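This briefing concerns the surroundings of a ligand and the packing of several helices. Please keep the structure in view while reading the points below.

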Amino acid sequence: MVAVSSHPLSVPPEARSIEPVSGTLEDGASVQRDDVVVGAAAGLAAVVERIEQVAPTDAPVLLEGETGSGKELLARLIHARSQRAEGPMIRVNCGAIPAELIDSELFGHERGSFTGATGTRQGWFERADGGTLFLDEVAELPLAAQVRLLRVLQEGTFTRVGGTKDLRVSVRVVTATHRDLRAMCEEGTFRSDLWYRIGVFTVRIPPLRDRPEDVAPLATHFAHKSGIALTGVPLVPTPSELETLRGYSWPGNVRELAAVVERAAILGGGRRLEIAAALGDARPRSSPPPAAPLSSQPAVAAPAGRLATLDDAMRAHIARALVLARGRIEGRGGAADLLGVNPHTLRGKMRRLRIDWSVYRT
Ligand SMILES: Nc1ncnc2c1ncn2[C@@H]1O[C@H](COP(=O)(O)OP(=O)(O)OP(=O)(O)O)[C@@H](O)[C@H]1O
Ligand SMILES: [Mg+2]
């Protein structure tokens with residue numbers, strides 16, 4: 001089962017119900033996952049309520065949300081709360097299948113139906129029989145495949161590639177996308193009849209920046225997990241660390257928060273969280289440049305209605321310089337040089353802010 005956790009911060013992480021679940025994914029491999037929906041009674045309350053309503057029905061569900069916002073996790077919650085929970089849950093990433101193989105992947109093929117089809121293969125619809133088929137990144141399906149998907153959804157039947165027999169399966173379809181399907185329908189890249197069909201019940205997952213109340217419980221959850229994984233002892237973020245995390249805008253949503261906390265735990269040797277350092281290195285190098293020049297970017301964004309403390313902002317900014325300087329303080333291109341201060345002054349500030357330069361040395 002997928003556990004739903006909504007505990008306020010005061011509840012120690014050990015008191016949460018973190019239940020490992022077995023599931024069958026895409027490639028048929030059996031995996032252990034600890035699916036816990038944090039924020040189910042807070043920022044995700046409306047979302048979880050809608051999911052609880054629709055899960056026991058067999059209606060198709062469309063999950064919309066930005067990257068890393070929890071679409072796959074919530075798809076698993078739908079399956080776990082459905083009458084098909086004992087059946088398979090198959091995830092197919094529609095964006096990862098080459099266009100010419102999509103039909104064969106989804107519907108299977110008969111032996112000899114095309115070069116390389118040396119045997120008969122069941123498609124994902126057949127394998128998901130009795131369970132849930134999660135079509136992730138559904139907006140990436142080419143138009144031709146969209147037509148065939150619509151037919152299965154409407155008629156409940158399909159044929160394997162190269163086959164003639166109509167096959168009928170019992171599959172509940174859950175789809176997800178980070179794209180705007182309405183806009184795609186308007187520009188003709190997504191079929192509106194398919195959109196109506198998969199979107200019978202649409203659940204929109206709000207981005208993390210619109211539910212700042214979830215940041216602290218999520219960070220606490222990930223810190224707990226990282227500590228256990230690294231040293232066997234759960235890590236607990238301090239109130240000031242949580243405040244720093246709340247002040248960030250999380251363009252990569254929950255996935256990015258999880259990565260920052262995990263990195264903070266590694267940088268702290270599994271004994272403490274180096275949040276400022278981990279945040280300083282939060283943006284991947286390939287991300288688009290910020291709109292404003294770096295010098296005018298705040299090191300820590302202001303959370304709604306209040307400012308990050310000056311110390312937190314300074315800590316994050318120094319951490320960024322240390323990341324860029326690979327832990328070097330003195331000399332040209334060193335952190336002091338980048339920040340325009342005397343190395344002696346920088347060392348003093350770092351001591352006061354308890355920043356350990358050695359973790360940045362690469
Ligand atoms: N509310 C939550 N509680 C606990 N963990 C969460 C929550 N939301 C997301 N996560 C975790 O964050 C990570 C990203 O979530 P998920 O894969 O479901 O996002 P996604 O919307 O499918 O992202 P993408 O669009 O990039 O595929 C996963 O490890 C997931 O378990
Ligand atoms: Mg996903």
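In this predicted model, ligand 1 is surrounded by 18 residues, of which the closest are V38, G70, K71, E72 and V254. The elements that contribute two or more residues to this shell are β4 (36–38), α2 (71–80) and α10. One of these elements, α10, also packs with helix α8.

**Shell around ligand 1**
- By class, the shell consists of 8 nonpolar, 7 polar and 3 charged residues.

**Packing of α8 with α10**
- Helix α8 spans residues 215–231 and helix α10 spans residues 253–267; their axes lie 9 Å apart and form an angle of about 45 degrees.
- The crossing in which α8 passes α10 is right-handed.
- On the α8 side, the contact is made by V215, L218, A219, F222, A223, S226, G227 and L230.
- On the α10 side, V254, L257, A258, V261, E262 and A265 take part.
- Sorted by class, this contact has 11 nonpolar, 2 polar and 1 charged residues.
- An α-helix has 3.6 residues a turn, so residues three or four places apart point the same way.

**Buried residues of α9**
- In helix α9 (residues 239–246), the buried residues are E241, T244, L245 and R246.
- These buried residues of α9 pack against α8, α11 (275–280) and α12 (310–324).

Conventions:
Residues numbered from 1 in each chain as written. Chains lettered and ligands numbered in written order. Predicted model: local features only at pLDDT ≥ 70, side-chain atom pairs only at ≥ 80, totals over all residues. Axes fitted to C-alpha atoms, helices over the stretch in contact; angles between N-to-C directions. Helix = DSSP H or I, 4+ residues; strand = E, 2+ residues; numbered from the N terminus. Left-handed = near helix turned anticlockwise from the far one by under 90°. Contact = placed C-beta atoms within 7 Å. Nonpolar A, V, L, I, M, F, W, Y, C, P; charged D, E, K, R; others polar. Buried ≥ 20, exposed ≤ 12 C-beta atoms within 10 Å, placed from the backbone. Near = placed C-beta within 6 Å.
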